[in-house]
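I opened my notebook and looked up a few things in this model, one after another. Here is what I wrote down.

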Amino acid sequence: NGISGAVAIKGNYIGLNASGTATIPNGYAFIFEPFDPETEEGCDCVVDEVSPGILVSNAPNITIGGTTALEANTISGNEGGGIIMYDVAGTYAIQGNYIGTNPAGTARMANDGEAAVVATSTSYSADFTLGGTAEGARNIIAPDTDNIGVLFSGPSSNFVVQNNHIGTGITGTENFGGSNGIQSDKSNTTIGGTGTNEGNLIKNNEIGVLLTSAGVGNKISGNN
């Protein structure tokens, strides 16, 4: 919370034992909202209680994973979501991870919580990439059966989702679906694309992509 420099989280099992064969859920974290006397906003109180694998709050310039096998994280079995990022305002990349599966991406080991990946922005300057076109950038995202794969909210900013498997595993044949594959109320979000390694494979969910507000500048193409 409040880290000012660049941070990289790579090559971990988070929520699993050392062999990646059994879950060891992480405990609880509390989100504290301070009171701002200038705007009279906030409450100096705990506003949420979460237990994700990775929690990022008000910290810019975060990389989770990478494009090589050694950089990949497996983030599974946690009680409050895989990755939760609050108040994003900076540059973020989530690449090459297994979120809600075993380290091979062949069996579901879901995180509980509203969604496997949550990102909320309070700034118009956030630059957020989930996946990417580079070889090895694909995330394997398996929500719990009643939960969301990827959940975005907040003001318009540059959010890009490309080359991921959402609701399925490494081969694309596994059934790891949830309620909504991607759910967003943002503007200027790119989901997929027509170039090499831009489209996402989104399957087995009740709804593939759900836009919950009349945003502008959203681009959805090239997905299966």
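**Entry 1: a side chain in a loop**

I began with Asn-111, whose side chain reaches the backbone nitrogen of Gly-77 at 3.2 Å. I also found the backbone nitrogen of Asn-78 at 2.9 Å from a polar atom of the Asn-111 side chain. I use "polar contact" for a pair of N or O atoms within 3.5 Å; within protein, one must be able to donate a hydrogen and the other to accept it, and residues adjacent in sequence count only if both atoms are side-chain atoms.

A note to myself on the source: this is a predicted model, where local features need pLDDT of at least 70 and side-chain atom pairs count only at pLDDT 80 or more, while totals for chains, interfaces and linings use all residues. Residues are numbered from 1 along each chain as its sequence is written, and side-chain values use heavy atoms, with hydrogens and water left out.

Where does Asn-111 sit? I found Asn-111 in the loop between strand 10 (98–99) and strand 11 (115–121). Strands (E, at least two residues) and helices (H or I, at least four residues) are DSSP runs, numbered from the N terminus.

Is Asn-111 buried or exposed? Its relative accessible area is 3%, so Asn-111 is buried. The cut-offs are under 20% relative accessible area for buried and over 50% for exposed, with partly exposed in between (1.4 Å probe, protein chains only).

I then listed what Asn-111 touches, not counting residues up to four places away in sequence; among them are Ile-75, Ser-76, Gly-81, Ile-99, Asp-144 and Asn-147. Contact means heavy atoms within 4.5 Å.

**Entry 2: the whole chain**

I counted zero helices and 21 strands in the protein chain. Of its 224 residues, 48% are buried. Among contacts between residues at least 6 apart in sequence, 78% join residues at least 24 apart. The accessible surface comes to about 9700 Å², and carbon and sulfur atoms hold 48% of that surface. Such areas come from the Shrake-Rupley method with a 1.4 Å probe; for residues, only the protein chains shown count as cover.

Next I followed an open sheet of six strands, in the order 5-8-11-14-17-20, with parallel pairing. Two strands pair if DSSP finds at least two bridges between them. Strand 5 (54–57) and strand 20 (207–211) each have a single partner strand, so one side of each is left without a neighbour in the sheet. Neighbouring strands here are turned by 5° against each other on average, direction ignored. For such angles, axes are lines fitted to C-alpha atoms, for helices over the stretch in contact, and the values run from 0 to 180 degrees between N-to-C directions.

I looked at one pairing in detail: strand 5 and strand 8 (residues 83–88) run parallel over four bridges. Ser-57 has Tyr-86 in strand 8 as its bridge partner.

I found another open sheet, of seven strands, with the order 1-6-9-12-15-18-21 and parallel pairing. Its edge strands are strand 1 and strand 21 (219–221), each pairing on one side only.

Strand 1 (residues 7–9) pairs with strand 6 (residues 62–65) over three bridges, and Ile-9 has Ile-64 as its bridge partner there. Strand 6 in turn pairs with strand 9 (residues 91–95) over four bridges, where Thr-63 stands opposite Ala-93. Further along, strand 15 (residues 158–162) and strand 18 (residues 189–192) share three bridges, with Phe-159 opposite Thr-189.

**Entry 3: the rings**

How many aromatic pairs are there? I got four aromatic pairs. Rings of Phe, Tyr and Trp (its six-membered ring) pair if their centres lie within 6.5 Å; planes under 30 degrees apart count as stacked, over 60 as edge-to-face and the rest as tilted.

Phe-128 and Phe-152 form an edge-to-face pair, 5.5 Å centre to centre with 75° between the planes. This pair links distant parts of the chain, with Phe-128 in strand 12 (residues 127–131) and Phe-152 in strand 14 (residues 148–153), 24 residues apart. Phe-152 and Phe-159 are edge-to-face as well, at 4.8 Å and 85°. Phe-159 has a relative accessible area of 0%, so Phe-159 is buried.
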